[in-house]
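Hi everyone, thanks for coming. Let me put the sequence and the structure up, and then we can walk through them together.

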Amino acid sequence: METRKLIDLLRATIDPSQRQQAEEQLGQIHKIIGFAPALLQVVMANECDMPIRQAGAIYLKNLVSQNWAEKEPDQPGAPIPFALHEQDRALIRDAIVDAVVHAPELIRLQLCTCINIIIKHDFPGRWTQIVDKISIYLSSPETSGWHGAILALYQLVKNFEYKKSEERGPLHEAMNLLLPLLYQLVIRLLPDPSEQAVLLQKESLKVYFALTQYTLPLDLISKEAFAQWMEICRQVADRPVPPAAMQPDEDDRPDLSWWKCKKWSLHILHRMFERYGSPGNVNKEYNDFAEWYLQTFSTGILEVLLRLLDAYRGGNWQPPRVLQQTLHYVNQAVSHAHTWKLMKPHMGAVIQDVLFPLMSYSAEDEELWTVDPHEYIRVKFDVFEDFVSPVTAAQTLLHSACKKRKEMLQKTMGFITTILNDPTVEPSKKDGALHMVGSLADVLLRKKMYRDQLDQFFLKYVFPEFVSCRGHMRARACWVLHYFADAPFKQEEILVEAARLTVASLLQDKELPVKVEAAIALQSMINYQERAHKYIEPEVKRIALELLTIIRETENEDVTGVMQKLVCIYTQQLAPIAVDICQHLATTFSQVLDTDEGSDEKAITAMGLLNTIETLLTVMEEQPEVMRLLEPTILQVVGHVFQHEVQEFYEEALSLVYDCTSKHVSEDMWKIFELLYQVFIKNGLEHFTDMMPALHNYITVDTNGFLANEQRLLAIYNMCKEVLNRESGEDPECHAAKLLEVVLLQCRGRIDGAAPLLVELAASRLLREVKTSELRTMCLQVLIAALYYSPQLLFSILEKLPNFTSHFIKQWIHDTDCFLGIHDRKLCVLGICTLISLPTKPAVLQELAPKVMPALVLLFEGLKRAYASRAQEQVEEEESDSDEGDLEEALSSDEDDIDEQGQEYLESLSRRTINSGAIQGFEINSTIVDDDSDDDSDYDANEEMVLEAYTTPIDEENCDVDEYITFKEVMTRLESTEAEWYSALTRNLTDVERKSLMEIAVLADQRRAARESKKIEQQGGYSFTQQAVPSTFNFGNASLGS
């Protein structure tokens, strides 16, 4: 590859007038062997201009990202996708670490990304040399190579950061060599206060954090080595920063290496304590280590952190993340007697001089409120901000100390009361005091002494702030009511006033942050104070319209949640303006989609808007006229999402389609069905399971409409065919098979021409490899549904496949234990009853005769359990669980706070599961373990319940077909008309099986009697006659008929 030509092409990509042509030429030559190494050469050529090297680095990163690994063709016979030749990959592997070491900062990041991708695919198999390269640079006295080597090492560790211990073997083998070298390097750098030395320390700490944050490899890191790293972190956290670190503006200081290094040291200290060093709160494997950690390190580290907090209370500036991590560590220490004894003398000062100022309204808050109230709202309600905010950390520590340690609540409330009773106190401090009270709301509400005084507290300290001249105090008053919303208002007039003030703040206040806080407070009041509903109701329409205005202006997800709650509680009152509400939400949704900035937050907001529209549809479901008026707006929203291929909202849009088709399918909604099919064909394969509820509605809610146009049935067939033939994962395939079954049962007797195609799909899938019993059972179920639809039709299809009929029936009888839930078992019973009643029986059935009755007994036993479980669930739903757990008693100074709900709970649950299994005749050998892994698999343990939601005519409450009655009728008929076949079915039964069949017969008569009673009752009369139920049967010898 000619380097000069490559440089010219890269230069041209920077020129807008030449870019397109240059990129096309690069696209033509990038597959040539030698291109990628030549590109790396250009990137590292010092004589080249930096913009050209940067363009080359970006192109190389993209080339490696997309084409490093060899890929299989998308379909058999398709061309093999391009991948870099192994010759080029070998050259790049040999040079890339050196490139990172010698590259300037501007292109180093792109090269590090390349290393990360190469490690992902080639380490350790093809690239063990990376370990040797890194070790050479770390061992070298040449300082210039250290930074690049540490960055390369970081990429190596990052690739294994979230992997399980058993998958980290290659990394640990490498770190046996590299971790001691890294430690020696850090020790050498520690005395050097220069910015470059501290930068290298920071990068080294990041490596150690990535190595240990998810799992602590005790075989790699001995106690001695762990202690060495903890000492490094302690020293970094404790050492003063040079004057240069305090010179920039406060907003810019956290980006300096000195502060970043301190932040990472505290990050490690907190993580080690929280995950591995907190006895009673760690995984079993770390129990001994946690005891050792607490005794060995907690005192020294806490002394350093208390010095940091003391410096902060003395006026020394600390970065927000440093404060946050410090407070997190102290919060963890509250739980342990050993550390609490050290902290207890200082805790009062920490609360008054650290937590209180952090929780008070600051000058920065005031500036943001005044300059950009929208940004103020975004920051205050940003859930991601909470993860890094020292204010949230202060709130958490205050709550822990007052909840878990004796005397702390009383002392804190004494301090707060002093602030609130001081008439000269600054508003910012009064805000801090109320912030502290609200943070302790759940603790105070469980203490009678404080609970009894709440009405007076609201009257004296909270209600007056609703009319404060300061907006932030009015917002804080709303915030406090939000946190005390479940308080037992003893005086009705206090509750009335709380509701009035909150509604007034929402409707009349001029400051947007106050309105938002009032909206959130109103939601909490509606949630917890049913008595308040009547006081809010007169203004509910104005409230709804005001909420819509706020949602549109702020795009705040929390306010969207308020709207959802309001719609649920005041459905009737809001029905007249439901269309306005829906149009408002739809317009705001389009507005959010049209803006790109802050995409994650925008996505959350947009999702909230769609969910609110769905809530509106759900609560208006029983009002067909309102639903008819809402539909045009829903069509606009759904059409926008699908036509613009906004795939991140497909799930929500499909939920809206489901809601609009649950009771009735209009002509316009049938047009959406056509759009759904187009979406599926274009890019919807991965969304098929999300489409399933809506597709089920189209088939079952408007069956006549579905069958009126054969293209609709053809669309369902094509979708299922695509899913089953592409083998897109067994979960989607199970859903596709379920949809075929639904069509056969729903359209029984009406699709004789199309039914064979549906059956062939399921049969052909059974002929290919099926990995799970769930998919096999679902495909069998399609054939059973076809048997129930028309036995002649089914066998005419199966006869075309050699030996398939025999294979199908054998597999079916063998797999009866795999049919789960009520529907699957019921269909299976009805299918077997149809099969054994056939005038001309398949030859294989004679061979399987002794297995048929035991299979039916198994199915009926499962049905009995499933019906009992469903009845129990209905009872539990009707019962209201209003018990509240008592607040745990505060701990004394020599007690530890242990996570009993963790390990002990899992162990007791495991014991109960085993005991319960033994009682029911099941031997359970597995145990319950606390597994942090995110092990994704295709099979969902509740899959049978998921698919059972897609009902068919045999699942309806008033269905004429009862599996128990059908079974008894079939057996009675066979006994009298086909005695020899009846004998073949029953002659080999065990005594237990005979007894089970007798019980099934008794149940059949009871269910028949219950049905007849229900019919009489529905006709207006009731006959109280004693139903004679036979108590014994003698299968195989005596008559089954009554």
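Let's start with a question: is Glu555 buried or exposed? Glu555 is buried, because its relative accessible area is 12%, where buried means under 20% relative accessible area, exposed means over 50%, and partly exposed is in between, using a 1.4 Å probe and protein chains only.

Before going on, a word on the source: this is a predicted model, where local features need pLDDT of at least 70 and side-chain atom pairs count only at pLDDT 80 or more, while totals for chains, interfaces and linings use all residues. Residues are numbered from 1 along each chain as its sequence is written, and side-chain values use heavy atoms, with hydrogens and water left out.

Back to Glu555. This glutamate sits in the loop between helix H29 (540-554) and helix H30 (557-569). Helices here are DSSP runs of H or I with at least four residues, strands are runs of E with at least two, and the numbering goes from the N terminus. Phi of Glu555 is near 55 degrees, which is a positive value in a residue other than glycine. For background, most residues other than glycine have a negative phi, and most peptide bonds are trans.

Glu645 also has a phi near 55 degrees. You'll find Glu645 in the loop between H34 and helix H35 (650-660). With 31% relative accessibility, Glu645 counts as partly exposed.

And where is there a cis peptide bond? Look from Phe123 to Pro124: that bond is cis, with omega near 0 degrees. Pro124 belongs to the loop between helix H6 (105-122) and helix H7 (129-139).

Now let's look at H34 itself. Helix H34 covers residues 624-643, which is 20 residues, and at 1.5 Å a residue these should span 28 Å; the expected span is 1.5 Å times one less than the number of residues. The end C-alpha atoms of H34 are 27 Å apart, which agrees. Where does H34 bend? The bend is at Glu631, by about 35 degrees, and a proline, Pro632, follows within four residues. That bend is the angle between axes fitted to the seven residues ending there and the seven starting there. The buried residues of H34 include Val626, Leu630, Glu631, Ile634, Val638 and Phe642.

Next, the aromatic rings. How many aromatic pairs are there? The count comes to 36 aromatic pairs, where rings of Phe, Tyr and Trp (its six-membered ring) pair if their centres lie within 6.5 Å, and planes under 30 degrees apart count as stacked, over 60 as edge-to-face and the rest as tilted. One of them is Phe673 with Tyr698, an edge-to-face pair at 5.0 Å centre to centre and 65 degrees between the planes. This pair links distant parts of the chain, with Phe673 in helix H36 (residues 667-683) and Tyr698 in helix H37 (residues 688-701), 25 residues apart. Both Phe673 and Tyr698 are buried. There is also an aromatic cluster formed by Phe226, Phe273, Phe289, Trp292, Tyr293, Phe297 and Tyr329.

Last stop: charges. Side chains of opposite charge can pair when their charged atoms come close. In this model the count comes to 45 salt bridges, each being a side-chain nitrogen of Lys or Arg within 4 Å of a carboxyl oxygen of Asp or Glu. Take Arg93 and Glu86, whose closest N and O atoms are 2.4 Å apart in a salt bridge. Arg93 is buried, at 6% relative accessible area, whereas Glu86 is partly exposed, at 28%.

Which residue forms a salt bridge with Glu546? That partner is Lys515, with the closest N and O atoms 3.1 Å apart. Glu546 lies in helix H29 and Lys515 in helix H27 (residues 512-528), so the pair ties together parts that are 31 residues apart in sequence. Finally, salt bridges that share partners join Glu70, Glu86, Arg89, Arg93, Asp122 and Arg126 into one network.
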